[in-house]
Amino acid sequence: MEGYLIAIFISILIYLLLAGGLALQYGFTGLVNFGHVGFFAIGSYTSALLALKGVPIPISLAAATALAALSAYPLGMIALRLGGDYLAIVTLGFSEAVRMMLQTEEWLTRGMHGLPGIPRLFAGWVEPQKTDLLILILLVVVCVGVFFLIHHIIKSPFGRVIEAIRDNEVAVRALGKNPAQFKTRSLMLGAGIAGLAGGLQAHYLTFISPEQYVPLITFYIWIALVLGGVGSLRGVVMGTVLLVGFLEGSRFIRDVIGGVSEVQMASLRIWVIGVALICVILYRPQGLFGSSPKRSR
Amino acid sequence: MTQPMNFSRRGFLVSGTALAALGAFSGSAFSQSEKVFRLGALNSITGIGGPYGPYMLEAIKIAVAEVNDAGGAAGRKFQLFAEDDQTKPEAAVLAVKKLIEINKVEAVVGIWPSSVGLATMPITNEANLITMNTCGAPEMLTENKKGLAWMFQASNAIFGSAFAEVARQRGFKRPAVMAFNNSTFVGQANHFKESWEAKGGKVSAFVIYEPNQSSYRTELSRVLATKPDVISLSAYRPDATIILKEWCQSGQDCKFIMPGWTANEDLVKALGKEATEGIISISNVAASQSPAYKRFAAAFKKVANREPDIFAAQSYDMVITLALAIEATGASADVLAINGKIPSITSGNGQAVTSFTEGRDALRNGKPVNYNGASSRLDFGKHGETVPDFGVFDIQDGNLVLKETIPGHTPA
Amino acid sequence: MDWLSVANAAINGIVIGMLLALPALAITLVFGIARFPNAATGDYMTLGAYTTVASQAFLGGSVVTSVFGAMSVTALVSLFFYFWVFRALAERSQVARLIASIGVAFAVRSTITFFAGQDQHVVDVPLVRAWNFGGIRLLPTDLYILTTALTALVIVFCIMHLTPTGRRMRAIADNAELAAASGIRSKRVMIFLWSLTGAFCGLGGALLGIKAVVVPELGWELLMPMFAGVILGGIGSPVGAVLGIVTFSIAQEVASLFAGPPYKIVFAFVILLCVLLLRPQGMFGRPMAAR
């Protein structure tokens, strides 16, 4: 029982890191990043490959964060030139391109065979049953740290500029600030967080393959943001908990109600998510847990 | 925005309590006497495994019903808990944890893709669970560190070299290789190439294609341009349907060698008899001839309205094998003891049996048994792998006709 | 690589491109008029393909009537989502509509799989051999698909240029504010837009189902190449969408001869980037101010 709860919390926290990064990019800067899973994948593979080569996990995680952040730099340059919807399509393409590279460059990533036997975090520190708990604790610490950082950034002068960019880019430019630079930094920061999440997941799962990094993950994070409310960290947290909670909780629904086949249950799960998404956008634009309807754009 | 972490903590508590409540509920709803064996089915209901997973689950249900109707294995009835792994490793990890922690299963059967097999193995090993899968990745064997995993499907290596063997025996000179880009099929394709070239041949074209396309004509033309006399096509049904359709329309003459789980009655139904005529379909041999298969197929048809594919047959065998192992160890045996019995009830000189009741009766009379399943003879190697004999079928007028049997062997 | 393979790859690209031109046109019109990239486009196609299969299986009937049936069903579904979702979101941000369209996509696809399952289906059409002109292969089925797609496109272009509703539609696509200021009422335009979107996606999906197989991810998987084609042609430009997606498909097929099939998607992405960086208005779009 605890083991399963720990697994769910680990899953929630990994999504939460991803959502935190995206919240920074979209919620506070207005960058429509639909390729978040690409940074997640870069982080996972960087950390896993380095660790498999014998690099200590803390260093490989740092490298994962750094490389994911760096890979966002060129996208940031593009983001300067493009409006929201274009950036959505470009970033989506970016994440698909990353996945294809992971599939194809077998010399590096073993392609579709995936990477088994990735060193596990805290392996050998305690008895195997306890490592999950340690990973959970680490993730909580990382999440608190990251959310504190994001919170701090938003409250900083830099944060006020990026929020101002979201609301009125022209005005920011008129004040002599260069929105481009701020956008790029925000994008890189969010990407770095996603990369860290990827690295942590790789050392938790111990097996990764390119099929894990499909755009659906990006959409799930977006859904979590929209459900919870984009504009506040509280909304981000609640949205993520709600989404992962529902995805997992729906497993029990079938145990209880019965009469629905597994195939239909799987369809039903996606259906509920789709319809919930529509309804929240229609009837509660600030998100279920958001309180600030100040965004009226 | 104020104190976001406070809220997150409360959120965790809320959802945690909710889950705990659900867990307790499902636990109490299924509380039972000690005479059950809690069996987990982890199938790929959605995702790429969608065409196979639901039928594997049906097969598992059929086998469970068969065992339970016969009074259970060593008196223990199976209680089945099914989960969808979405053909995704990270979803599978959660699903398997749920099976272990909430449903307290003692074995997990029906794992289809190697990615799920590899991702869940550390967890099931840690919990000392028997797992039975249809994974074909060679890494499954090396990762099977506790000997608790049983591969009911021949590995890619064995399949690939069997394909090459068949191509040689049939006298083909210029084979080409086309494969779906995933771990299983790329492995198969590589082993075909290796094993063909090891005996001095050359492969005329080697094309790995991306799935989910609406046309494979360009990839196919690339292969057909080299004028092969046979194409080893490692594909699933949707892409195979498109490729064969396009090949048939191209009018170029050549043969196909395909895995049995793709080249079967369903493919004929999708494409018609003309496009499938002469396809060489290779699968584990036991199919169609063995009494176990016939009985299973009849039961399966009643439920699913179609012939079972090889994965369904393997899933059925998983449960029966497990049941016989439990029967052989006795009602109070633990999982490790049951696991230890699996090799002895599937191979050796015991009485050959083809059903649970037959095996159970023999075991109760103190005789050793050798279960020959619906999917193969099921003789496991030392890493838990099956090395089945392969049946070589030709599709003639829409029917699979068994031509010959070739022994499978692990390539050097 | 000999020129024959290149020619055959190009022909294949043309067929796929023309087929995808129907949903691509829908994407570009929605983008121009309702102002968001509609992520449900792919799943409207899937719906069209499944409706074709279903009407063939349950109602009998020829392929042609099934395809018409599919077009009407998808048009109705598209209208339903307009009235329920997109109309209410007209004044909201582009991203809100985009996210909502993802929700629509999920809802449509899961409704299909709830009833039809995950397994593949096929549209029942006889297999015909290709005509072989000295190595260049032409499929009769492909010709039917080409003709159908062309006819549909011609009809739409006629409507857009010759009828009052069509002209209004183009006016709004060109400049929504100006159109509103000059008193063009958009309700009829919107109804027309969404029925057209639905019908075209349905037709595209049905044709794709005839050409390939019908699976739940049929349309969703095509979103990326379709968006790339539309951007290449210039977002909001109907002619651009058609020429963009055809050019794109040809390029993709020919390139996969040289670069290896898995790089098809990477290639799509590179084209996308180049266009956006070098010529954001695409081949036919007019320069847009940064939004």
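What is the mean pLDDT of chain B, and what share of its residues reach 70 or more? The mean is 83, and 90% of the residues of chain B reach 70 or more, where pLDDT is the predictor's confidence in each residue, from 0 to 100. This is a predicted model, in which local features need pLDDT of at least 70 and side-chain atom pairs count only at pLDDT 80 or more, while totals for chains, interfaces and linings use all residues. Residues are numbered from 1 along each chain as its sequence is written, and chains are lettered from A, with ligands numbered from 1, in the order in which they are written.

**Confidence in chain B**

- Confidence in chain B is lowest in helix α1 (residues 4-29), with a mean of 41, and highest in strand β3 (residues 107-111), with a mean of 94; helices (H or I, at least four residues) and strands (E, at least two) are DSSP runs, numbered from the N terminus.
- Over residues 1-33 of chain B, pLDDT stays under 50, and the model has 35 contacts beyond four places in sequence for this stretch, two residues being in contact if their C-beta atoms, placed from the backbone, lie within 7 Å.

**Contacts between chains**

- The contact between chain B and chain A takes 42 residues from chain B and 42 residues from chain A.
- Among the elements of chain B that each supply at least two residues to the side touching chain A are α2 (53-69), β2 (77-84) and α7 (183-198), while α1(B) gives the most to that side, with 12 residues.
- The side of chain B that touches chain A divides into 21 nonpolar, 11 polar and 10 charged residues (Ala, Val, Leu, Ile, Met, Phe, Trp, Tyr, Cys and Pro count as nonpolar, Asp, Glu, Lys and Arg as charged, and the others, Gly among them, as polar).
- The contact between chain A and chain C takes 38 residues from chain A and 39 residues from chain C.
- On the side of chain A that touches chain C, the elements giving two or more residues are α3 (57-81), α4 (84-104), α10 (215-228) and α12 (262-283) of chain A, and α4(A) gives the most, with 15 residues.
- By class, the side of chain A that touches chain C has 26 nonpolar, 8 polar and 4 charged residues.

**Domains of chain B**

- Chain B is assigned domain 1 (33-155 + 291-371) and domain 2 (156-283 + 390-407), with bounds that come from an automatic or database domain assignment.
- The centres of domain 1 and domain 2 of chain B, taken over C-alpha atoms, are separated by 30 Å.
- In chain B, 13 residues of domain 1 are in contact with 15 residues of domain 2, and α4 and α13 (310-329) of chain B each supply at least two residues of the domain 1 side.

**The largest nonpolar core**

- The largest nonpolar core has 354 residues, and those with the most contacts inside it are L225(A), L277(A), V319(B), L19(C) and A21(C); such a core is a set of buried Ala, Val, Leu, Ile, Met, Phe, Trp, Tyr and Cys residues joined through C-beta atoms within 7 Å.
- Domain 1 and domain 2 of chain B both give residues to this core, so the core lies between them.
- Apart from its neighbours within four places in sequence, V319(B) is in contact with I60(B), A63(B), V64(B), V67(B) and V109(B).

- R110(A), which is not a glycine, has a positive phi near 65° and is found in the loop between α5 (106-109) and α6 (128-155) of chain A.
- R110(A) counts as partly exposed because it has 17 C-beta neighbours inside 10 Å (a residue is buried if 20 or more other C-beta atoms, placed from the backbone, lie within 10 Å of its own, exposed if 12 or fewer, and partly exposed in between).
- N305(B), also not a glycine, has a positive phi of about 65°, lies in the loop between α12 (291-304) and α13 of chain B, and is exposed, with 7 other C-beta atoms within 10 Å.
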